[in-house]
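Q: Could you walk me through the packing in this one? I'd like the cut-offs spelled out as we go.

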Amino acid sequence: MGEWLPLSEVAKRLGVSAGRAKQLLKDRKLIGVRRDGGEPQVPAAFLGKDDVLKGLPGTLTVLADAGYDDVESLRWLFTPDPSLPGAPVEAIAAGRHTEVKRRAQALAF
């Protein structure tokens, strides 16, 4: 999955307060996991230059609606899909988030 960032670093990269970064997790604009018992960590791949990747929050909502928890969503986003090609998170970063959301919607059926 590549580099993981502690929530404090996410806040710094996005130029927001630590409280706002926590709210992004709470609102499912981002997802992360606690690793090694510390603060939540978020994959660096979820961040663009100075914001959350466009299309990621909507995709996370669709995955949650399909019954995926955070760990399952992370696994799905980083599992290569030959039909994309590459992992869904790579397609989102490349601006193909609508296509990824369509695939996530199909998971619910």
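This is a predicted model: local features need pLDDT of at least 70, side-chain atom pairs count only at pLDDT 80 or more; totals for chains, interfaces and linings use all residues.

Q: OK, at what angle do helix 1 and helix 2 pack?

A: Helix 1 (residues 7-14) and helix 2 (residues 18-26) pack at about 105°, and their axes are 9 Å apart. Helices here are DSSP runs of H or I with at least four residues, strands are E runs of at least two, and both are numbered from the N terminus. The axes are lines fitted to C-alpha atoms, for helices over the stretch in contact, with angles from 0 to 180 degrees between N-to-C directions.

Q: So which residues of helix 1 and helix 2 meet?

A: From helix 1, Leu-7, Ala-11 and Leu-14 meet Ala-18, Ala-21, Lys-22, Leu-24 and Leu-25 of helix 2, where contact means heavy atoms within 4.5 Å.

Q: Switching topic, how many residues has the largest nonpolar core?

A: That core has 31 residues, and those with the most contacts inside it are Val-10, Leu-30, Phe-46, Leu-56, Leu-77 and Val-89. A nonpolar core is a set of buried Ala, Val, Leu, Ile, Met, Phe, Trp, Tyr and Cys residues joined through side-chain atoms within 4.5 Å; buried means under 20% relative accessible area, exposed over 50%, and partly exposed in between, using a 1.4 Å probe and protein chains only.

Q: And what does Val-89 touch?

A: Not counting residues up to four places away in sequence, Val-89 touches Ala-45, Phe-46, Leu-53, Leu-77 and Phe-78.

Q: Is Thr-59 buried or exposed?

A: Thr-59, which lies in helix 3, is buried, with a relative accessible area of 0%. Leaving aside neighbours within four places in sequence, Thr-59 is in contact with Trp-76, Leu-77, Ile-92, His-97, Val-100 and Lys-101.

Q: What about Ser-73, buried or exposed?

A: Ser-73 lies in helix 4 and is buried, with a relative accessible area of 0%. Residues up to four places away in sequence not being counted, Ser-73 touches Arg-28, Ile-31, Leu-63 and Tyr-68.

Q: Last one, which residues are buried in helix 6?

A: In helix 6 (residues 97-106), His-97, Val-100 and Ala-104 are buried. The buried residues of helix 6 pack against helix 3 (56-65), helix 4 (70-78) and helix 5 (88-93).

Key
Residues are numbered from 1 along each chain as its sequence is written. Side-chain values use heavy atoms; hydrogens and water are left out.
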